[in-house]
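Could you walk me through this model in my viewer, one selection at a time? I would like to know what to click on next and what I will find there.

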Amino acid sequence: MSNSFSINHFNGILRQLTLVIGFILYALFLGVVPSANAQQMDGNDTINPSIVPDVHPDPSRIQKDYLLENPISPPDTSSPRATIESFLFLMGEARNIWLDVRDDYAKGDTILLSEADERRLAMVQTILEKASQTFDLSAIPASTREHVSIEIVLQLLEVFDRIDLPRLSTIPGYEVGIFPSASDLATLPSSWYVPGTNIVIARLQQGPAQGAFLFSKETVERIPEDYETIKNFPLKHDRTEDLYNYYIYTPGGFVAPKWYDFLIAGPDWLQKEIYNQTVWQWMMFVLLTLLFALAPALLLRRSRPDEDEEITARRQIRQMLSCGGLVFLVLFYRYLCNSQINITGGLMEGISTVTTAIIWSCVALLTYQLLNFLYSSAVRNPAVPTGSIDASLLRTGFRVFSCTVALVIMGYGATQIGIPVYGVIAGLGVGGLAIALAAQPTIENLIGGIILYADRMVRVGEFCQFDNLSGTVESIGIRSTRIRALDRTVITISNADLAKRKITNYSRRDQFHLRHRIGLRYQTTQAQLTVIIDDIHKYLENHQQVKADPLRVRFVELGDYSLNIEIYAYVDVGSMPDFLVVQEEVLMKIVGIVRARGADFAFPSTTTYLASDSTPEEGSSLISWPPKGDAKALSK
C-alpha cells in the first residue's frame, strides 16, 4: 500500500513539475513571439510560430488531458490529423488497459472479476466508444451500432497495425487539442486518403457533426473486407496478438471467463471457425434459440383467453405481464448471445435486429393494453354510466389514442433497426392522393362518427328512428353504429350513412304529446256532447302531469259514422314508460266520462233504409238537438 502511494505521489509531483515547466516556457515564449490564432507544421516537423502560440513540451500529455482526463469530451475531429491521432491514441490506451486486466485476471484465482477490474473494463468500453466517434456510423442501424462500432474500431486498429502509416506531420491539420480558427479550417481539404488505401477521412457536410472530419461511411462499410484481406499479414506497429480475433472468438466480451478454459481443453474442433463463429458458439446459439423460442410460446398460450372468458381486469393484467415477460426474455437472450457467447458479425446484427423488432413490438402492444386497462378502469367507475355516450366516446377515444401511441412506438422501433420510417411518412405525400381515394370510405365513416359525437345527435341507449328504421342505439364505433331493432335484431349502419339520415330521437323528448280522437255515435245529443267535452277538459286541467298549455278538447269533425272529438295536450314526464302509464290512466278516465253521460263510442256501421224518406218539416234536423237551456239543465 505504501509503495503504491509513494509511486502515485511521485507521479503526481512529476505531472505538476511538467505543468510548471510548460507554463514557464509558455511565458518566455510569449515574450518573444507575437500572439496568433493557430500554428502550422511543415514537412520537417518544424512549427511556424505565426500560426501556433506555443510548442507543447509533451504532446502526449495534451492528448491525455483532452481525450482521457475528461470522460465526456468528444475526440478531436477538427482536422484529418486530429482525427487519426485521436483514434490511434485512444485505441492504444484501450489496448494497454484491456491487456493488463486480462493478464491480471488470468493470474488470479478468483472466478469473477474484481470491482477494480470491472471499472477498468468499463473504462475500456468508454474509450472504445469514444474512438468510434471518429467514424461516420450513420448507415448502421441504432440497434446494432454499439456492437458493430466496437468491431469496426478493432478491425481498423488491426489494419493500421499491418500497414505503413504516414508520419503525423504529413497529414493535413493540427495535433489533438489545438483547435484552429475558421480561416485555417477553410484551408484544409474536404477529404484525405490514407496513402495506399481506400481509407478516407472526410468532412461531414450536414448533420449534428457538420464540419467534423470522420472516417467516411463508405470506409466503414469497407473496413471488414479490408480486415479479412490483411488479417494474415504480419504486424508492423504492434507486437501483441490480434485483439479483434480475441474479441470475437472468446466469450464474455473483453475478458474470457474461467469456464472458457474447459472449452480450450476440449476437442480442437470446438474452436474451428465457421462463418466468423466457432463451432461452440454455433452450438450455444442454436441451443439458446431453441430454449427461448419455447418460452414465449408458453407465455402467449397462457395469455390466450378462453372462448367463454369475459374481458376482466385479471385477464388484462395477465396479458400485460405476458408482454413484459416476453420483453425480459428477449433482452436476456440478447445479453447471453452478445455478451456471454459473444456472437459477432452478421449473425450478431441479425440477432440484434430481430430482438429489437420483437422488443419494440411488445412495448407497443403493452402500451396499447395498458391504455385499454385504464379505459376499463374508468368505465367501471360508477360516475361514468356504461350505457351513455360518455362511455362510448371514452372507448372510441381510448382506442384511437391507444392505436396512435402504439403506431408511434412501432415507428420509433423501426428506426432502431434501420427502417427509414420518417422517410416513408414523408414519401406518403407523393402518393397521398391515391391513399386518400382508397381510404375514402374509412375516412368518411370516421368523420361521420365524429359528427355524431360532436353534434350529440344520438346517445347509446336512446330509442331513435332513422328514416324507415327504428331501434335502440347499442354502440357508436369508429366506423359504424349498431342498433337493436324492435324485433331484437342488430342492425349495423356506417357512420357516414347514419349522419346523412333523418334522425328522430324519441328519447330526447322533454314532454310527450297526448293526442287522440274519440268518435261518439250519432245518437249522442248535443247536451251529452257538450257535457262530455267539458268533463274531459276539466279532468285534464286538474291532472298533475298534464300541461295546462296547450290543452284542447274540441268537437272537430262530423265523421262518416261518428262525432269526432280531438284531445290535444302534453304530458310532463321524461320517459316512454311513464308516459304510457299516464296515457292509459287518461284514456280509461275518458271512457268512464263518456259512458257516465249515457253516450258510447261509434264504430263503423251501415244503415239500410227500407222506405223513402219523407219531406222534413221546416226547422227540423237529422239530430234531435234539445234547446240550449235543456242542455244546461242536463249538465247540472
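In which loop does Arg488 lie? Select Arg488 and you will find yourself between strand E10 (480-485) and strand E11 (490-494). Bear in mind on each stop that this is a predicted model. Arg488 has a phi near 75°, a positive value in a residue other than glycine. Its side of the story at the surface is simple: Arg488 counts as exposed because its relative accessible area is 56%, and the cut-off for exposed is over 50%.

Next, pick Asp549 and Pro550 together. The peptide bond from Asp549 to Pro550 is cis, with omega near 0°. Pro550 sits in a loop too, this one between helix H18 (526-542) and strand E14 (552-558).

Now move to helix H10, residues 279-303, and highlight Leu291 within it. Leu291 is partly exposed, at a relative accessible area of 49%.

For the last stop, show helix H5, residues 142-160. How far does H5 reach from its first C-alpha to its last? The span of this helix of 19 residues is 26 Å, close to the 27 Å expected at 1.5 Å a residue. Centre the view on Val148, where H5 bends by about 35°.

Definitions and conventions
Residues are numbered from 1 along each chain as its sequence is written. This is a predicted model: local features need pLDDT of at least 70, side-chain atom pairs count only at pLDDT 80 or more; totals for chains, interfaces and linings use all residues. Side-chain values use heavy atoms; hydrogens and water are left out. Helices (H or I, at least four residues) and strands (E, at least two) are DSSP runs, numbered from the N terminus. Buried means under 20% relative accessible area, exposed over 50%, partly exposed in between (1.4 Å probe, protein chains only). The expected span of a helix is 1.5 Å times one less than its number of residues. The bend at a residue is the angle between axes fitted to the seven residues ending there and the seven starting there.
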